[in-house]
Amino acid sequence: MAAVVAFFTRENPAGIEARFLLFLSRDVSTVETRLLILNPDPVFEDRALALFDAMPKVETRIVRTLSEAVYILMRENFDLFVVEGESRVAVGQATNIRQHFPSLEVVCLVEQTQDATLREEALQQNIELVATNCSDRQLRSRLRRIVSAFERQSGTPAEGIDPCHSLVGNLNQFSAAEILQMSCMSQRSGRFTFKSSRGNSEIYLHHGMVRHAIYSSLEGEGAVAEIFRWRQGRFYFEEGIISQVQTVNRPWTHLLLDNLQKLDETVQLTSAQGSNER
Amino acid sequence: MRDSTLETQIRLLTLEVENWKKLHDFITYALDKSKPIISADQERQFTEIRALLLQESEHVFSQVDLVTELSGKTMNVLQRATSIRGVRELSAEETRRLEADWNGVFTRIGVVQGQLKGRRRDLLGRSFLSMSLARLFGRKAA
């Protein structure tokens, strides 16, 4: 408003223009929301892609196959995974991704969402279904609503590591599986905190057993599975902090074997992509 | 401010470059005689990339006014490289031509992609109103 007043009171029109334009210019250095979009035909079936392109502060990466998507998700961090395509195929692919990346937000853009079994399946897997058989305007506002939910969440968490923590380290030197194995073997009780660009997560140990794990909205084994995949970030251990909540009931060895097997399956999905690059 | 046409052009060129690079990976593999025997799966992936390039190149180039310049070279590459095995069996002269044509297309797409990204960066610093005002005052926006 102040800039508009100045527009009418200043005498020099060039100065006014410059000031007004300065007022209007936006800060483009803010964090972008990163989307990974799986679309088998992104050149000719690009309605939603064009809408995403027009959104400010949104960075999109497009892949054509599921194996490419898994390959990239293993290496990079995305706020949202979007699957486009024929309803059954798209929900199937989204379900597959949900199994391997439990904390990732997944949205399915399908022609119609009337099919009850499809809706049920999507609901069970916590996949958001968005119908594309509507006007551009309606679709744009739906997609904008979905993307805007992530704008406030973006950002790198603070380090906050205290030098008196009993164990501090880097996940690119020791994986979560290795340090948890070591702590469980030595019957530790306390809290592990993992910090990475994906966010913060905590795992509570009690006499060498994983008692509770939390990451974002995930709790229990899902959160443990997520932390297993992290290859970047820092961790520290605080001795003696015990969780009142118990969300993990299985022994550590079972968790370890299950999660390593799951990780192998995820890597297998990318094998087609890998052979491409060799 | 974001220009939807510009964004579409950048997206299409990025996809084209990706496929063009994948094709190069296969050609390089084929030309390396020390690599092991070519599998049916590799041939299938190669055909997949080739099919995508065949159906999309013309459309992508028409969006960025490069059809006349690049269409011929692209077709030369795609017609010579019929399969990985076929590339391995090309004569030295044909291989040289294949690589020259591939490089010609890749270089031109890369240059245009850079130009479009530069234009996008310029536009991002401006708002729609500032652009309109700049047009009104007949000067470039700050």
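Guide: This is a predicted model, and chain A averages a pLDDT of 79, with 81% of its residues scoring at least 70.

Visitor: Which elements of chain A have the lowest and the highest mean pLDDT?

Guide: Helix α1 (residues 2–9) of chain A has the lowest mean value, 37, whereas strand β3 (residues 80–84) of chain A has the highest, 93. On a scale that runs from 0 to 100, pLDDT stays under 50 over residues 1–29 of chain A, for which the model has 28 contacts beyond four places in sequence. Residues 155–159 of chain A also stay under 50, and there the model has 7 such contacts beyond four places in sequence. Where pLDDT is low, the predicted coordinates should not be read in detail.

Visitor: How many helices and strands are there in chain A?

Guide: Chain A has 11 helices and 11 strands, and its domain assignment gives domain 1, covering 33–151, and domain 2, covering 167–272.

Visitor: How do you know that domain 1 of chain A and domain 2 of chain A are in contact?

Guide: Two residues count as in contact if their C-beta atoms, placed from the backbone, lie within 7 Å, and by that rule 9 residues of domain 1 of chain A are in contact with 12 residues of domain 2 of chain A. On the side of domain 1 of chain A that touches domain 2 of chain A, the largest share, 5 residues, comes from helix α4 (residues 66–75) of chain A. Sorted by class, that side of domain 1 of chain A has 5 nonpolar residues, 4 polar residues and no charged ones. The centres of these two domains of chain A, taken over C-alpha atoms, are separated by 28 Å.

Visitor: What is the order of the 5 strands that form an open sheet with parallel pairing in chain A?

Guide: The order is β2-β1-β3-β4-β5 of chain A, and the twist averages 25° from one strand to the next.

Visitor: What makes two of these strands edge strands?

Guide: β2 (58–63) and β5 (127–131) of chain A are the edge strands, as each pairs on one side only.

Visitor: How do you know that β3(A) pairs with β4(A)?

Guide: Two strands pair if at least two bridges are found between them; 5 bridges join β3(A) to β4(A), so this counts as a pair, and the two strands run parallel. One of the residues involved is Val83(A), whose bridge partner in β4(A) is Cys108(A). Strand β1 (residues 33–38) of chain A also pairs with β3(A) in the parallel sense, over 4 bridges, and the bridge partner of Leu38(A) in β3(A) is Val83(A).

Visitor: Which helices lie against this sheet?

Guide: Helix α5 (residues 87–100) of chain A packs on the sheet, touching β1, β3, β4 and β5 of chain A, and its direction makes about 175° with that of β4(A). Helix α7 (residues 136–151) of chain A lies across β1, β2, β3, β4 and β5 of chain A, running at about 135° to β1(A).

Visitor: Why is strand β4 (residues 105–110) of chain A called mostly covered?

Guide: A residue is called buried if 20 or more other C-beta atoms lie within 10 Å of its own, and 6 of the 6 residues of β4(A) are buried. Glu105(A), Val107(A) and Leu109(A) point one way from the strand, while Val106(A), Cys108(A) and Val110(A) point the other way, and all are buried.

Visitor: Why is Val112(B) called partly exposed rather than buried?

Guide: Val112(B) has 19 other C-beta atoms within 10 Å; burial needs 20 or more and exposure 12 or fewer, so this value lies in between and Val112(B) is called partly exposed. Val112(B) lies in helix α5 (residues 92–124) of chain B and, not counting residues up to four places away in sequence, touches Leu13(B), Val64(B) and Leu66(B).

Visitor: What is the order of the open sheet of 6 strands in chain A?

Guide: The order is β6-β11-β7-β8-β9-β10 of chain A, with antiparallel pairing. β6 (167–170) and β10 (218–219) of chain A stand at the edges with a single partner strand each, so one side of each is left without a neighbour in the sheet.

Visitor: What makes β9 (residues 209–215) of chain A and β10(A) a pair?

Guide: 2 bridges join these antiparallel strands of chain A, and since pairing asks for at least two, they count as a pair. The bridge partner of Ile214(A) in β10(A) is Glu219(A).

Technical notes
Residues numbered from 1 in each chain as written. Chains lettered and ligands numbered in written order. Predicted model: local features only at pLDDT ≥ 70, side-chain atom pairs only at ≥ 80, totals over all residues. Domains from an automatic or database assignment. Nonpolar A, V, L, I, M, F, W, Y, C, P; charged D, E, K, R; others polar. pLDDT = per-residue confidence, 0-100. Axes fitted to C-alpha atoms, helices over the stretch in contact; angles between N-to-C directions.
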